[in-house]
Amino acid sequence: MEARGAPPQVLLQRPWLPVSIGGCQLQAKSWFGETAYHVLLTDMSCVWEERMDSADIEKRAQELNRRLRAPVKAFFSHLCEVVQPCLAGSDGRPDGEAQISLTRQDDGSISMKLKSELAGLPFYWEFHCTPAPVNMVCVQLVRPLLAMSHLLQRQVEQLRGLLVRKDAEIQDYRENGATLSRERLQTDIFEEKTYREDFISKALPLLCTEQLDALGFDVDLQHLYAAVVAHGNARSRKRKPSEEEQPPAEDPDLTPSLGVSVSSEAGEDREQSLNRQVDAAGAKMADRPTVQQSLPVTSVPAERPSSKPKKKKVVGLFR
């Protein structure tokens, strides 16, 4: 059975397309697999989605078409042929009798009802789109729009610098005696602050009075959206192999535990060495009395690690 919905990166690469369904102007992006689909719709006030796998499609088809006994693959291709042109902004339909309508529900969801003809019999289908989660909206719409905004801002900055250099070039021509052959080509020196204030005062009122359908993606913005998403996916693919190559982090508790075992083993070695020194010193006690006085002093710290034999068990946890 095909997975429920499209992989996140696959759906992300699909552009937002302007569509008109039941008189409503929407932006849509969709993915249709062999026996599954994922649809996103927005009117710039809310985002709705529906994802269905093979089992869900079969269940809904039986509920809407009681006489349908065909497997999912048999009628899903017909559904794609009828629906995909509608979600791609195309008015043409393979079946001239196909009808699609949109209804807004009281719970905030929307329902798209489709009626067409399959093998001489009526075929019904409904899309039940519910409000998309915030994470889906951020990934599919908000983040790409912010990236597009920053990219366009950088383009504006480069164009501003180009205008300033062009003004300096024209001024140099004038100072060296150059004149315009046609006065209509003469322009004023570019002043960024004045231009920005004038542009906002004139363009913003026009933008606010336009309909919401004018806030969608035109062809240029669709290309920019695709470029931003493709670049983000390429960076993600480069980041994943580098993360896999990094060695796993060591257990922070390993070093202290090993330190305890090493110190205890070193203490035993020192104790055995001191015992041998004591035996050798016993034979020469009369000749070297100072050794006898130093032995008790050096043997005290040697007995401390050996008095805690339980800590040796820690070593076994990491073998």
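A: A salt bridge here is a side-chain nitrogen of Lys or Arg within 4 Å of a carboxyl oxygen of Asp or Glu. The model is predicted, so local features need pLDDT of at least 70 and side-chain atom pairs count only at pLDDT 80 or more, while totals for chains, interfaces and linings use all residues. Residues are numbered from 1 along each chain as its sequence is written, and side-chain values use heavy atoms, with hydrogens and water left out.

The structure holds seven salt bridges. One of them joins Asp 43 and Arg 104, at 3.4 Å from N to O. Asp 43 sits in the loop between β3 (37-42) and β4 (47-52) and Arg 104 in strand β5 (residues 99-104), so this pair ties together parts 61 residues apart in sequence. Helices (H or I, at least four residues) and strands (E, at least two) are DSSP runs, numbered from the N terminus. Asp 43 has 15% relative accessibility and counts as buried; Arg 104, at 45%, counts as partly exposed. Buried means under 20% relative accessible area, exposed over 50%, and partly exposed in between (1.4 Å probe, protein chains only).

Glu 50 and Arg 60 form another salt bridge, at 2.8 Å from N to O. This pair links strand β4, which holds Glu 50, to helix α2 (residues 54-64), which holds Arg 60, 10 residues apart. Both Glu 50 and Arg 60 are buried.

In the salt bridge between Glu 192 and Arg 196, the closest N and O atoms are 2.7 Å apart. The two lie four residues apart in helix α5 (residues 192-209), so about one helical turn separates them. Glu 192 is partly exposed at 27% relative accessibility, and Arg 196 is partly exposed at 41%. Glu 192 and Arg 196 also belong to a salt-bridge network with Glu 157 and Arg 160.
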